[in-house]
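Take a minute to turn the model around on your screen before reading on. We'll walk through it piece by piece, starting with charged side chains and ending with aromatic rings.

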Amino acid sequence: MKIILQKVKKASVSVDNKVVGSIDKGYCLLVGVHKESTEEDAKYLAKKIAQARLFEDKNDKINLSLKDVGGSILSVSQFTLYADTKKGNRPSFTSAAGAEKANELYEKFNKFLREEGVTVETGIFQTMMEVNIVNDGPVTIVYEKLTTGK
């Protein structure tokens with residue numbers, strides 16, 4: 001799995017001009033599932049992100065977690081994170097998991113985040129979504145885990 005984390009002041013996701021998920025302070029996550037991703041990967045990444053210390057303390061040191069600041073997560077599925085751009089001009093998405101597996105692991109990932117005590121809003125899997133964010137920092141971090149080591 002590959003996750004792009006962006007620290008945000010606020011974020012929302014809309015489908016057909018209707019907001020389906022929104023947060024204030026927290027993280028907007030773009031979540032890609034590799035064809036070899038596992039439930040272990042999802043659980044590991046959920047814990048890692050829930051415990052990440054990316055917010056400033058009273059001394060302006062990046063030292064506080066999402067839970068420390070009462071933040072939330074907006075989680076958005078994005079198969080294009082596994083685009084292969086090595087050949088030609090049209091990306092290949094053969095490394096991305098198929099829809100059934102991707103949705104299953106995406107939902108489990110969100111469940112694992114909630115089990116870590118985090119409030120999670122989501123987009124709608126396999127739809128055209130409009131994501132609006134107000135970056136904070138900006139802070140953008142890439143998390144990736146594949147149990148197979150590939």
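Is Lys7 buried or exposed? Lys7 counts as buried, because its relative accessibility is 0%; buried means under 20% relative accessible area, exposed means over 50%, and partly exposed is what lies in between, using a 1.4 Å probe and protein chains only.

Before going further, a bit of housekeeping. This is a predicted model, where local features need pLDDT of at least 70 and side-chain atom pairs count only at pLDDT 80 or more, while totals for chains, interfaces and linings use all residues. Residues are numbered from 1 along each chain as its sequence is written, and side-chain values use heavy atoms, with hydrogens and water left out.

Back to Lys7. Glu56 forms a salt bridge with Lys7, and their closest N and O atoms are 3.2 Å apart. (A salt bridge is a side-chain nitrogen of Lys or Arg within 4 Å of a carboxyl oxygen of Asp or Glu.) This pair links distant parts of the chain: Glu56 is in strand S4 (residues 53-56) and Lys7 is in strand S1 (residues 2-15), 49 residues apart. Helices (H or I, at least four residues) and strands (E, at least two) are DSSP runs, numbered from the N terminus. Glu56 counts as partly exposed, at 35% relative accessibility.

How many salt bridges does a search of the whole structure find? The search finds five. Side chains of opposite charge can pair when their charged atoms come close. Another example is Glu39 with Lys108, whose closest N and O atoms are 2.8 Å apart. Glu39 lies in helix H1 (residues 39-51) and Lys108 in helix H2 (residues 99-115), so this bridge ties together parts that are 69 residues apart in sequence. Glu39 is partly exposed at 39% relative accessibility, and Lys108 is partly exposed at 23%.

Lys111 is partly exposed at 40%, whereas Glu115 is exposed, with a relative accessible area of 52%. Salt bridges that share partners also join Lys7, Glu56 and Asp136 into one network.

Now stay with H2. This helix has 17 residues and reaches 24 Å from its first C-alpha to its last, close to the 24 Å expected at 1.5 Å a residue; the expected span is 1.5 Å times one less than the number of residues. Which residues of H2 are buried? They are Ala102, Leu105, Tyr106, Phe109, Asn110, Phe112 and Leu113. These residues cover an arc of only 160° around the axis, so they sit on the same side of H2; the arc is that of the directions from the helix axis to the C-beta atoms. An α-helix has 3.6 residues a turn, so residues three or four places apart point the same way. Over on the other side of H2, Glu100 and Glu115 are exposed. What covers the buried residues of H2 includes S1, S3, H1, strand S6 (72-77) and strand S7 (119-122). Just after H2, Gly117 takes a positive phi of about 90°.

That brings us to the inside. In soluble globular proteins, nonpolar side chains tend to be buried together. Here the largest nonpolar core has 27 residues, and those with the most contacts inside it are Tyr27, Leu29, Ile49, Ile73 and Phe109. (A nonpolar core is a set of buried Ala, Val, Leu, Ile, Met, Phe, Trp, Tyr and Cys residues joined through side-chain atoms within 4.5 Å.) The elements that give two or more residues to this core are S1, strand S3 (26-32), H1, S4 and H2, and H2 gives the most, with six residues. A second, separate core of ten residues includes Ile4, Val8, Ala11 and Val76.

Zoom in on Leu29, found in strand S3. Leu29 is buried, with a relative accessible area of 0%. Leaving aside neighbours within four places in sequence, Leu29 is in contact (heavy atoms within 4.5 Å) with residues including Ile3, Ile49, Ile73 and Phe109.

Finally, the rings: the structure holds three aromatic pairs. Rings of Phe, Tyr and Trp (its six-membered ring) pair if their centres lie within 6.5 Å; planes under 30 degrees apart count as stacked, over 60 as edge-to-face and the rest as tilted. Tyr27 and Phe55 are stacked, 5.5 Å centre to centre with 20° between the planes, and both are buried.
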